Amino acid sequence: MPFFFNWIEEHYFFTITYYLKFTFALGLVRQNEKKVKYMKHDNVTHELVDRASNLRKNQTEEEGKLWNLYLKKISPRFTRQKIIGSYIVDFYCPKLKMIIEIDGEQHYLEENKEYEVRREEYLQNLGYKLLRFYNSDINRNLKNTETTIFHSCITRAKELNLDVEINFK
C-alpha cells in the first residue's frame, strides 16, 4: 500500500508542477500578445498604453453614461480608450471602423484646435468614420445620441458592404 500512496503523491506533484509551468508560460505568451496588440503602430509608447489604461479606469461622467447605458450593449462591439497610432480615441468599433468621441470643453480651446484637426485628419486618412458629441448632448438628450449612433452604425455597415446585424441587447 505505501508504494501506491507514494506513486499518487509523486504523480500529483508532477501534474501540479507541469500545470503551473504551463500556466506561467501561457501567461507570458498572453502578456506578449497583449504587447504586440498595442505595438502595431510605431508611435505607441508604454506611456501611451498606461495613459489609455488610466483613462479607462477614470472615465468622465459622460463617457460612463454612454458606455454603461448604451455602447457596451450594442452589437457589433465597441471598446473604450483605444490606441490608434499615437492617439487615444474614446470609443472604437473595429468591425465598422468607427470612432465615437465625447468632447468636453478642452477640445474647443484655441490652443487645442490645431491638434484636434491633425488628429481628425490622421484618423480619417486611415479610413475611420468619426462621430463627435458634446458632453451636453449626453447630459441633455442621451436618447437622441443613442439613435444617432445606431443609425450611423447601420449607414457605416452599408458603406463598407458588411453583412452585419446592428442590434441593442
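Let me start with contacts, meaning heavy atoms within 4.5 Å. Among contacts in this chain between residues at least 6 apart in sequence, 64% join residues at least 24 apart.

A word on the source. This is a predicted model, where local features need pLDDT of at least 70, side-chain atom pairs count only at pLDDT 80 or more, and totals for chains, interfaces and linings use all residues. Numbering runs from 1 along each chain as its sequence is written, and side-chain values use heavy atoms, with hydrogens and water left out.

Now the layout. The chain has six helices and six strands. These are DSSP runs, numbered from the N terminus: helices are H or I with at least four residues, strands are E with at least two. From the N terminus on, the order is α-α-α-β-β-β-β-α-β-α-α-β.

Next, the surface. The accessible surface of the chain comes to about 11700 Å², and 55% of that belongs to carbon and sulfur atoms. Areas come from the Shrake-Rupley method with a 1.4 Å probe; for residues, only the protein chains shown count as cover. Of the 169 residues, 31% count as buried. Buried is under 20% relative accessible area, exposed is over 50%, and partly exposed is in between, again with a 1.4 Å probe and protein chains only.

On to the interior. A nonpolar core here is a set of buried Ala, Val, Leu, Ile, Met, Phe, Trp, Tyr and Cys residues joined through side-chain atoms within 4.5 Å. The largest one has 20 residues. Which members touch the most others? They are Leu66, Leu71, Phe78, Phe91, Ile100, Ile149 and Cys153. At least two residues each come from α3 (61-69), β3 (87-93), β4 (98-103), β5 (129-134) and α6 (142-159). Helix α6 gives the largest share, four residues. Apart from this core lies another, of seven residues, including Val89, Ile99, Tyr128 and Leu130.

Take Leu66. Not counting residues up to four places away in sequence, Leu66 touches Leu71, Phe91, Ile100, Ile102, Ile138, Leu142, Thr145 and Ile149.

Ile138 sits in helix α5. It is buried, at a relative accessible area of 1%. Leaving aside neighbours within four places in sequence, Ile138 is in contact with Glu62, Lys65, Leu66, Ile102, Phe133 and Thr145. Ile138 and Glu63 are 75 residues apart in sequence, yet 8.4 Å apart in space, C-alpha to C-alpha.

Aromatics next. Rings of Phe, Tyr and Trp (its six-membered ring) pair if their centres lie within 6.5 Å; planes under 30 degrees apart are stacked, over 60 edge-to-face, and the rest tilted. The count is five aromatic pairs. One of them, Tyr70 with Phe168, is stacked: 5.0 Å centre to centre, 20 degrees between the planes. Tyr70 lies in the loop between α3 and β1 (74-75), and Phe168 in strand β6 (residues 167-168), so this pair ties together parts that are 98 residues apart in sequence. Buried or partly exposed? Tyr70 is buried, at 4% relative accessibility. Phe168 is partly exposed, at 41%.

Then there is Tyr87 with Tyr122. This pair is tilted: 5.4 Å centre to centre, 55 degrees between the planes. Tyr87 lies in strand β3 and Tyr122 in helix α4 (residues 110-125), so the link spans parts that are 35 residues apart in sequence. Tyr87 is buried at 10% relative accessibility, while Tyr122 is partly exposed at 28%. Tyr87, Tyr115 and Tyr122 form one aromatic cluster.

There is also a charge over a ring. The rule asks for NZ of Lys or CZ of Arg within 6 Å of the ring centre and within 35 degrees of the ring normal. Lys97 lies over the face of Tyr128, at 4.9 Å from the ring centre.

For Cys93, the nearest cysteine sulfur is that of Cys153, 6.1 Å away. Cys93 is buried, with a relative accessible area of 0%. Cys153 is buried too, at 0% relative accessibility.

How values were computed
Disulfide = S-S within 2.5 Å.
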